[in-house]
Amino acid sequence: MPHNCRILTYAIAAAAAATAGLVFPPGATAAATPTVTSDFNGDGYADLAVGVPGGTVGGKAKAGYVNVVWGGPRGVGAHGSIRVTQATPEVPGTPEAGDRFGASVALTDLNGDGIAELLAGVPGEDVTDRGTDAGMVIAVGGSKGGPGPGSTVLTGPAASAAYGTSVAAADLTGGDNKVIVIGGTDKVVARVIQGEDSMVTTVVAAPMGGRAPVLATGDFDSDGIGDLAVAYWTAGNPNTQSHVRLWKWDADRAEMANFWNTDNAGVTALAAGDFDGDGHDDLALGECREIADENIDDPCGPEKLAQGGGIHIHYGGPAGGSFGSRAQTLNQDTAGVPGVAEDGDRFGASLAVTDVNRDGRDDLIAGAPGEAIGSKAGAGAAWLLYGGAQGLLDAGGAARSVAWNQDTPGVPGVAEAGDAFGAAVASGDGNADGVPDVTVGSPGENASLGAAWLLRSGSAGGSTAFSPRTLGLPDLSTAQKYGKPLSSR
């Protein structure tokens, strides 16, 4: 049935689920011991949130759920998990067919108390007086005793608004004000939390080709306050609008202001990190393709490097400088990147940032779910691209990287057509040993039941796999496509 969803007032001193935001430190932090922001049960280990929007709940197809997989001494996947749904007592709403709870997830410490909160998008939610698929985002508090109080962050204003197709959280205003950014149909909005008050402001409203807008956060202008990166694109439309845009908070106007663009670029993923270790955030554009084909600005770098999916990186600089004035582009034909660029590989379709080798420069994890392994089309693969003094490429234009798939020695399983290994990637220190681990999702595994792989310390050696079957989740006969999206840190 439809729900009369409430927009709650947030207070910083209230329960964890009643706050919304994440403070990003200024500049890069790669050299520091990573802060655990995804510890949902407060035991000191990073946890992993797996969104399963195609999951069946109480017999309701695609009602969706989020599986929070516990970290521990042996890493995520070895210490059990919990299943959070709209049937969970603390969570607003009721599971309904097509809700797609968990279509987007963010697991992060929103109020700085050391315990993470879960943000879950529900783009198929029907809302009373607003219509079918208005959508919503729900916040669920973490707790040492299990899920804490849950609340509705925001509901879509009308039918088909599909709020919750994407979600991100950060301190974008300074002064620890909390912001939750929500993507929906042809729109991105921000809910700004200021003490006990809050406001909703539209970031951008434009044709987005029926795709979820891509969101990322980082300090791109090096002023010590977080910024928002938004990507969206349309194709085959006379009014094609394809952009990667950066936005910052304008305190005088109390709204987000656009301060940098690259046009005609369509991307599937974004990720922010300091890949050259200069203390300034950079932005990676995953599976970047030129939409308008005007051959003027090359928004994704040299066209030959877009084959099979290319990754284009814009580098940051000192405050007041021009963001993105230096750029690099790579694909599977780049020296030092294993593989061969082929149409349909989708190299860079998923991205995550970490510093696996702890050298003070961030590394980039990239998935290519369309990669063929031998004759197995769409088996998928993932890469760890190491940062360096010049970024992801050295002075000679070569990368340093390793690649994994299910035929890699030490990686469990066998590469099979359609596994889509690499459809999602994430990183977090799930065993608290001080070295980040890598998680790779494979939603096509086991006839689309899905699974995920843990690569401890970013290495195939000793890697393990977990799935709805190994975690004891219900409805194992349905195609849940477990493994996308993922969230950890």
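Guide: The charged end of R326 sits over the ring of Y315, 4.0 Å from its centre. A charge counts as sitting over a ring if NZ of Lys or CZ of Arg is within 6 Å of the ring centre and within 35 degrees of the ring normal. K248 likewise lies over the face of F259, at 5.8 Å from the ring centre.

The model is predicted: local features need pLDDT of at least 70, side-chain atom pairs count only at pLDDT 80 or more, and totals for chains, interfaces and linings use all residues. Residues are numbered from 1 along each chain as its sequence is written, and side-chain values use heavy atoms, with hydrogens and water left out.

Next come the ring pairs. A pair of aromatic rings is described by the distance of the centres and the angle of the planes. Rings of Phe, Tyr and Trp (its six-membered ring) pair if their centres lie within 6.5 Å; planes under 30 degrees apart count as stacked, over 60 as edge-to-face and the rest as tilted. The whole structure holds 4 aromatic pairs by this search. One of them is edge-to-face and consists of F220 and F323, at 5.6 Å centre to centre with 65° between the planes. F220 lies in the loop between β12 (214-218) and β13 (227-232), and F323 in the loop between β19 and β20 (326-330), so the pair ties together parts that are 103 residues apart in sequence. Strands are DSSP runs (E, at least two residues), numbered from the N terminus.

F220 is buried at 1% relative accessibility, and F323 is buried at 7%. Buried means under 20% relative accessible area, with exposed over 50% and partly exposed in between (1.4 Å probe, protein chains only). The rings of F347 and W383 have centres 5.0 Å apart and planes at 85°, so this pair is edge-to-face. F347 is in the loop between β20 and β21 (350-354) and W383 in strand β23 (residues 381-385), 36 residues apart. Both F347 and W383 are buried. F220 and F323 also belong, with W260, to one aromatic cluster.

Now the sheets. Strand β14 (residues 243-250) pairs with β15 in the antiparallel sense over 8 bridges, and R245 stands opposite N261 in β15.

Another open sheet has 4 strands in the order β3-β2-β1-β29, again with antiparallel pairing. Here β3 (81-84) and β29 (486-487) are the edge strands, each pairing on one side only. Strand β2 (residues 65-69) and β3 pair over 4 bridges, with N67 opposite R83 in β3.

Last is the sulfur link. A disulfide is a pair of cysteine sulfur atoms within 2.5 Å, and the count comes to 1. This disulfide joins C288 to C300, with S to S at 1.9 Å. C288 is in strand β18 (residues 282-290) and C300 in the loop between β18 and β19 (310-315), 12 residues apart. The link of C288 and C300 is left-handed, with -65° about the S-S bond. C288 is buried at 2% relative accessible area, and C300 is buried at 6% relative accessibility.

Notes. Two strands pair if DSSP finds at least two bridges between them.
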